[in-house]
Amino acid sequence: MSCRLFALTPGEPAGIGPDLCLLLSREAQPHALVSIASRELLRQRAGELGLEITLLDVGPGRWPQEPAPAGSLYVWHTPLQSPAQPGRLDPANAGYVLETLRRAGEGCVAGTFAGMITAPVHKGVINEGGVPFSGHTEFLAELTHTEQVVMMLATEGLRVALVTTHLPLKDVAAAITPERLTRVTRILHADLRDKFGIARPRILVCGLNPHAGEGGHLGREEIEVIEPTLEQLRQEGMDLVGPLPADTLFTPKHLEHCDAVLAMYHDQGLPVLKYKGFGAAVNVTLGLPIIRTSVDHGTALDLAGSGRIDTGSLRVALHTAYLMADSRPC
C-alpha cells in the first residue's frame with residue numbers, strides 16, 4: 001500500500017478539533033496527514049494540553065512524501081483572523097474555518113489529497129460571522145458543483161443516511177419530493193455498492209409520519225410520495241424495504257437484515273445511531289467526487305483545552321477515509 005496524502009481540518013478553533021488533531025499526532029499514521037490550520041493555534045493548544053508535538057510546515061510545492069513520525073504533525077499554515085481561546089467563540093474566525101475547508105476540498109478535487117477528514121465546526125458562529133452556512137455537507141456540495149449529496153453516519157452494525165439534513169422540522173415534509181427521494185436513494189445505493197463493496201445493498205426506508213402514516217390517517221406523504229417512488233426504484237433492481245414506521249424499523253429484527261437505513265430527517269435517524277455508537281461513529285458524505293469523512297460529535301466547547309476528550313470518533317473517521325481511498329486506484 002503506497003503512502004497517500006490526506007487533509008485534516010480542525011474545525012472550530014475554540015472547540016476540541018485542534019485538541020483531537022494534536023492528541024492523535026502522538027501516534028504514527030499509515031498515510032501522510034496534513035492539518036490545515038493555524039500553526040500558532042496548534043502550538044498554543046499543545047502547550048495548554050501539555051503536549052510536545054513537533055509541527056512540520058508543508059504546503060503547495062513542498063508536500064510530504066511519507067507519514068509524519070509519531071509526535072509530529074504536518075501543518076499547512078492557515079492564519080487565524082482573531083486570536084482563539086478554548087471555549088470562547090469568535091465570529092471573526094468564521095472566514096478562517098471556511099478557508100481551511102476550501103483548501104482541503106479544492107486539494108481533493110485537484111488530486112493533491114486522497115481524501116479529507118473534518119473535525120466539528122460551529123454552524124451558529126459562522127452564520128454570526130456573516131456567512132450563510134448550514135454544514136460541511138452542503139458546503140462541499142457547492143464547492144464541488146455536486147447537485148445532490150447524502151449525509152450518512154455509520155457505526156458498528158448500523159448505517160443511517162438522510163433524505164433531508166439541516167432543515168427546520170416544519171420544512172421537512174415539503175422537502176421530501178419524488179425527485180429528492182429518487183436522487184438520494186440512487187446515491188446511497190451506488191456508494192454502498194461502489195465505495196463499501198456491497199454487491200446488492202438492502203436498504204430499509206423510514207416513513208415520515210408516526211406509524212408510517214397509518215394508512216393515510218396520520219399523513220399522506222407515504223401514500224402520495226414515498227411508496228410510489230420506492231416502487232419505481234425497485235424497477236431499477238434496488239432492494240428497498242418500506243416505508244416502515246421508524247419505531248419498528250430500528251429494532252434488531254429488521255436491522256440485522258439490512259445494509260443501511262434511509263431516514264427522512266435528521267432527528268429521526270441520528271439519535272438511534274448516536275445512542276448505539278457515539279464516540280465510535282463516522283459521518284460520511286456520499287455522492288461527492290471526493291472522499292470526506294468526519295467525526296460524529298460537536299465542538300464540545302466546555303472541554304476544549306482540558307485534555308478530557310475521547311479521540312475514538314476521529315480514529316474511526318481516519319480509518320474509514322483510508323479504507324475508501326485504498327479501494328480507489330492511485
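The following legends describe close-up views of a predicted model.

**Figure 1. Packing of helix α1 against helix α2.** Two packed helices are described by the angle between their axes and the distance between the axes. For helix α1 (residues 17-24) and helix α2 (residues 39-49), the angle is about 75° and the axes lie 10 Å apart. Angles of 65 to 115 degrees count as roughly perpendicular, and α1 and α2 are therefore roughly perpendicular to each other.

**Figure 2. Residues at the contact of α1 with α2.** Helix α1 contributes Pro18, Asp19 and Leu22. These residues meet Leu41, Leu42, Arg45, Ala46 and Leu49 of α2. Classified by residue type, the contact of α1 with α2 comprises six nonpolar and two charged residues, with no polar residues.

Figure 3. Glutamate 48 is part of helix α2. Its relative accessibility is 36%, which lies between the limits of 20% for buried and 50% for exposed, so glutamate 48 counts as partly exposed. When residues up to four places away in sequence are not counted, glutamate 48 touches Pro86 and Gly305.

**Figure 4. The β-α-β unit formed by β8, α8 and β9.** Strand β8 (residues 202-206) and strand β9 (residues 239-244) run parallel and are joined by four bridges. In this pairing, cysteine 206 stands opposite leucine 244 of β9. Together with helix α8 (residues 221-234), strands β8 and β9 make a β-α-β unit that is right-handed.

Terms used. Residues numbered from 1 in each chain as written. Predicted model: local features only at pLDDT ≥ 70, side-chain atom pairs only at ≥ 80, totals over all residues. Heavy atoms only, no water. Axes fitted to C-alpha atoms, helices over the stretch in contact; angles between N-to-C directions. Helix = DSSP H or I, 4+ residues; strand = E, 2+ residues; numbered from the N terminus. Parallel < 35°, antiparallel > 145°, perpendicular 65-115°, else oblique. Contact = heavy atoms within 4.5 Å. Nonpolar A, V, L, I, M, F, W, Y, C, P; charged D, E, K, R; others polar. Pairing = 2+ DSSP bridges. Right-handed = clockwise from strand over helix to strand, strands pointing away. Buried < 20%, exposed > 50% of the residue type's maximum accessible area, 1.4 Å probe, protein only.
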